[in-house]
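Biologist: I would like a close look at a single part of this model. Please keep to what can be computed from it.

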Amino acid sequence: RMKLPDKVYTSLKWIVMIAIPALATAYVGLAPVWGLPEPEKISITANILCAMLGTLLGVSTAAYNNRDK
């Protein structure tokens, strides 16, 4: 069984909950101002990544919390 070190888990959690949504929001907000390409596709991609990584972290957390039961 693979176990993530606490630091890796905490970093991944921060990336999924804070970094990706913040970067996607900034990109979507700035895209029309600066003429950046494909803001809708970037937003959808970021949401899919967050959902996928969040689910994997949630499953990992549940397995870790239930290991002694």
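What should the 27 residues of α2 span at 1.5 Å a residue, and how far apart are its end C-alpha atoms?

Modeller: This is a predicted model, in which local features need pLDDT of at least 70 and side-chain atom pairs count only at pLDDT 80 or more, while totals for chains, interfaces and linings use all residues. Residues are numbered from 1 along each chain as its sequence is written, and side-chain values use heavy atoms, with hydrogens and water left out.

The 27 residues of α2 should span 39 Å at 1.5 Å a residue, and its end C-alpha atoms are 38 Å apart, which agrees. The expected span is 1.5 Å times one less than the number of residues. Helices here are DSSP runs (H or I, at least four residues), numbered from the N terminus.

Helix α2 covers residues 39-65 and packs with α1, residues 6-34, at an angle of about 165°, the axes being 10 Å apart. Axes are lines fitted to C-alpha atoms over the stretch in contact, and angles run from 0 to 180 degrees between N-to-C directions. The angle therefore makes α1 roughly antiparallel to α2 (over 145 degrees).

On the α2 side, the contact (heavy atoms within 4.5 Å) includes Pro39, Ile42, Ala46, Cys50, Leu53 and Leu57; among its α1 residues are Leu12, Val16, Ile20 and Tyr27. Within α2, Ala46, Cys50 and Leu57 are buried (under 20% relative accessible area, 1.4 Å probe, protein chains only). These buried residues of α2 pack against α1.

Terms used. Helices (H or I, at least four residues) and strands (E, at least two) are DSSP runs, numbered from the N terminus. Angles under 35 degrees count as roughly parallel, over 145 as roughly antiparallel, 65 to 115 as roughly perpendicular and the rest as oblique. Buried means under 20% relative accessible area, exposed over 50%, partly exposed in between (1.4 Å probe, protein chains only).
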